[in-house]
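Hi,

Here's the structure I promised to pass on.

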Amino acid sequence: MTPQALLPRQIITGKARLAGVLGWPVSHSRSPLLHNYWLARYGIDGAYVPLPVAPAQFAEAVHGLQAAGFRGANVTIPHKEAAYALATELDHTAQRAGAVNTLIFEANGAIRGLSTDGDGFVASMESAGHKPQGKALLLGAGGAARSVAAALQDRGLHVAVTNRTDARAHALAEALPGLDVVPWAMWEQQLGAYSLLVNTTSLGMEGGPDPMFRPSLQHAAPHLVVADIVYVPRVTPLLAEAEQKGLKTVEGLGMLLHQARLGFREWFGQDPEVDAGLEAYVRASL
């Protein structure tokens, strides 16, 4: 019997609490699956929907959702920095990261911005049996990179970032003092100095800019842990390369599941559990 068959029917009435995920594209997102799983599991009157929104329409869409009575929304690529600029209130993690992945629409009209990506990433690594430590190299300098870098710094790691557009990497380093910048053309050769490699870009994502992204890991140290925040496909080309070389890997699905808890609690009034049933249910769609 599938996990879905074990769930009660989802409750949706005229009083339903509503939330969703804003992205461009958003068809890859499994957030609707996991949030609606929780809604059905806990018997909550509500729904969570995918919301494909182009960058030029982002602010208009957010205000429209707020006016329509939504409780809030998740924000995925490429809107996380735009969400940071749009929020009228920011929590500490969002201020540190300079990016927002969760919006809460308050009754007084305020838009509260949270950043749960970083803590979700760390929780995912720990649940996979890998405590982040040592030196970390992040691929990418967007909203997810900002959040992950801040979370790793807060836990005492020495963090470096590399990005195809060098100026964006330096801008991130200015926002997070202590962050090093490695030129994109050199990071593969310098990989031996790091204990953790994290792809925070959409490279390797199904439908993304370069779904076959598969850099060389020949200079990696034997103890390197390779993590990817992309979860469609489940095993990205980067993770496949790491596994081929015998390196430990962390898939992106865990981060998705763990980062979702805070938003769900804010919108729907229930602190949900990340357990084997949820993971199996979402994994079955990958």
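In E3, Val75 is the bridge partner of Leu22. This is a predicted model, where local features need pLDDT of at least 70 and side-chain atom pairs pLDDT 80 or more, while totals for chains, interfaces and linings use all residues. Numbering starts from 1 along each chain as its sequence is written, and side-chain values use heavy atoms, with hydrogens and water left out.

Strand E3 covers residues 72–75 (helices, H or I with at least four residues, and strands, E with at least two, are DSSP runs numbered from the N terminus). Gly72 and Asn74 point one way from E3, Ala73 and Val75 the other, and all are buried (under 20% relative accessible area with a 1.4 Å probe, protein chains only). E3 pairs with E1 (residues 17–23) in the parallel sense over four bridges; pairing takes at least two DSSP bridges. With E5 (residues 102–105), E3 runs antiparallel over three bridges, and Gly72 sits opposite Ile104 there.

Now the pockets (open sets of points on a 1 Å grid over the protein atoms alone, where a 1.4 Å probe fits, with protein on both sides within 12 Å along at least five of seven lines; lining residues have an atom within 4 Å of a point). The largest pocket holds about 420 Å³, a volume being the space filled by probe spheres set on the points. Its lining has 21 residues, and Ala141, Gly142, Asn163, Arg168 and Thr201 are the closest to its centre. H6 gives the most to that lining, three residues.

The second largest pocket has about 210 Å³. H9 gives the most to its lining, with four residues.

Cheers

Definitions and conventions: Buried < 20%, exposed > 50% of the residue type's maximum accessible area, 1.4 Å probe, protein only.
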